[in-house]
Amino acid sequence: MLQIRGLTKRYRTGDLALKSIDLDLPDGQVMALIGPSGAGKSTVIRCINRLVEPTGGTVVLNGANVTSLGSRDLRRARRRMGMIFQEYALVERLSVMENVLSGRLGYIGFWQSFMRKFPQSDIDQAFQLLARVGLDHMADKRADELSGGQRQRVGICRALIQNPELLLVDEPTASLDPKTSRQIMRLIKELCGERKLSAIINIHDVMLAQLFAERIVGLQLGQIVYDGPPTGLSAAVLTRIYGEEDWSATIRKVTEDIDEAATPLTRSVVPPDTRQPRHDRDRLAGLT
Amino acid sequence: MTAVSDAPRSWIKPPLIKRGWLRWSLGLGVVIYLALALGSMDVNWTRVWEGLPRGARFFAAFFPPDFTGRWHDISDGMLESLYMTVASTVIGIAISIPVGLGAAKNMAPRFVYYFCRAILALSRSFQEIILAIFFVKLFGFGPFAGVVTLSFATIGFYGKLLAEDIEDTDPLPLEAVRATGAGWLQWINYGVQPQVMPRMIGLALYRLDINFRESAVVGIVGAGGIGATLDTAFNRYEFDSAAAILLIIIAIVMLVEYSSSYVRRWVQ
């Protein structure tokens, strides 16, 4: 359970990016945060793990007040929040495995990480996660040899190996093509379902947000102007969030997409221990 | 909407300095200053002419180079130079890593940044010869003064380039590593180091090359190495031995040059 109360951020330039945001995120809920560029979406999730220091308000994750922690406790709190980035944010000259294992840095000491001597349990988990996203054969490839979609899947593994209680996802699809975008969003949604994770997903693609999130929050100029189910996004609401525009195309398309996407999503509910046919495993990994 | 005229419109590139009088007077000023400067250089062409055959005799004395006559002195000096080179490069780089980290704006708090920048500026403001004269006065003749000189010069060179490379790193992976809950050293090791490493290996080899050449120079003011041997050879008018020393220096510099370009290609 994440509770945000009166979260405010004023940048040193004087811009008020967030104007006292209140937000509750129950366990296991996947929430999309939409809004125009500059509305403060990135600032919200960076204030939660304090990559950006909020100027006011509190963030409480499962009882712990993140905003008042000292640096050592903040490190500990950050381990419980996995973050996925817009341009993958992998360290390109490190291998896929090192990038995934870097998600464990908060749990081990410097010398251990410097010598790359990670506990066997971490390595096992890294291979499991890479297999889950269909990249276990790439473990020793350098991250810059991967395609965009593959890199984002490595980024997802890095976030998940932290065993987080919350996923903070910043524009995961902004640098991906439409098809890969859907695969990545589907993967994030499925993984959240499997692990009962709650997630805040910043996304500027309204259609994707409606497809994959159970709740939509609309942000405009640092204020929440919509909070409700995806079906509630009417032309009037979109105008409130983004401004005047002809929304009929966006809304109509969405209903078609939901029909199309519904089929594979229901099919993916298979017991974990049954042997899946090859194509199904690939599809789960977002390969098809 | 305004009507688009069909008549051809002329276009010239807008001048760098808009005001005409300023542009012309600046140009004229530069020409006058250059003429005055050249005029003040009193070139005595007869002396240049007389010097030419002297120079030719001087060069002729270099041949044939004599490797054997003073081989013992030459090999001693050369080995001393190589020791000095390797020691000063390693020491200098070891010190410049923390200094360079501190001198990168995106790593260090403001006062650390200014402190480390001051160290770098101090190290870079003196030429090796001046440093060598100072350290020879401080520690006496010999290779120790040379090692200190070259290490100190290495800090300014390597620390500054390291700091600049760190400032040029992609901030997004740094943010991502920080978001995992990594500590500061882990953050440096996983986020910064992989991004700067290839260039830094190349620069370390380049600095090794520079330090070898400088070790020959600082020897002339008494800081040990092959430079001292070279100076002695000149003072005794043993130009054939001096020529041998110069040829060996050229050979070693070329060797380091080729191997470093090979290593740089390999680390990329």
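Strand β4 (residues 56–61) of chain A is joined to β5(A) through two bridges in the antiparallel sense, where strands (E, at least two residues) and helices (H or I, at least four) are DSSP runs numbered from the N terminus, and two strands pair if DSSP finds at least two bridges between them. The model is a predicted one, in which local features need pLDDT of at least 70 and side-chain atom pairs count only at pLDDT 80 or more, whereas totals for chains, interfaces and linings use all residues. Residues are numbered from 1 along each chain as its sequence is written, and chains are lettered from A, with ligands numbered from 1, in the order in which they are written.

Chain A as a whole holds 11 helices and 10 strands. Of its 288 residues, 43% are buried, a residue being buried if 20 or more other C-beta atoms, placed from the backbone, lie within 10 Å of its own, exposed if 12 or fewer do, and partly exposed in between. Among the contacts in chain A with a separation of 6 or more, 69% are between residues 24 or more positions apart.

Helix α6 (residues 148–160) of chain A has 13 residues and reaches 19 Å from its first C-alpha to its last, close to the 18 Å expected at 1.5 Å a residue, the expected span being 1.5 Å times one less than the number of residues. This helix is largely enclosed by the rest of the structure, because 12 of its 13 residues are buried; A:G149, A:R151, A:I156 and A:L160 are among them. The buried residues of α6(A) pack against β6 (81–84), α3 (96–101), α5 (120–132), β7 (166–170) and α7 (178–195) of chain A.

A further buried position is A:A77, with 22 other C-beta atoms within 10 Å, located in helix α2 (residues 71–79) of chain A. Leaving aside residues up to four places away in sequence, A:A77 touches A:L61, A:A64, A:V66 and A:L69.

Not counting residues up to four places away in sequence, A:I201 touches A:V30, A:M31, A:A32, A:L33, A:V169, A:P172 and A:A213.

In chain B, helix α3 (residues 71–102) and helix α9 (residues 226–235) pack at an angle of about 145°, with their axes 7 Å apart. To this contact α3(B) brings B:D73, B:I74, B:G77, B:M78 and B:S81, and α9(B) brings B:I226, B:A228 and B:T229. By class, the residues are four nonpolar, three polar and one charged, where Ala, Val, Leu, Ile, Met, Phe, Trp, Tyr, Cys and Pro count as nonpolar, Asp, Glu, Lys and Arg as charged, and the others, Gly among them, as polar.

The contact between the chains takes 22 residues from chain A and 18 residues from chain B. On the side of chain B that touches chain A, α7 (171–179) and α8 (184–218) of chain B each supply at least two residues, and the residues of that side divide into nine nonpolar, seven polar and two charged.

Two loop residues of chain A deserve mention for their backbone angles. Phi of A:R116, a residue other than glycine, has a positive value near 60°; A:R116 is placed in the loop between α4 (110–114) and α5 of chain A and is exposed, with 11 other C-beta atoms within 10 Å. A:L221, also not a glycine, has a positive phi of about 50°; A:L221 lies in the loop between β9 (215–220) and β10 (223–228) of chain A and is partly exposed, with 14 other C-beta atoms within 10 Å.

Terms used. Two residues are in contact if their C-beta atoms, placed from the backbone, lie within 7 Å. Axes are lines fitted to C-alpha atoms, for helices over the stretch in contact, and angles run from 0 to 180 degrees between N-to-C directions.
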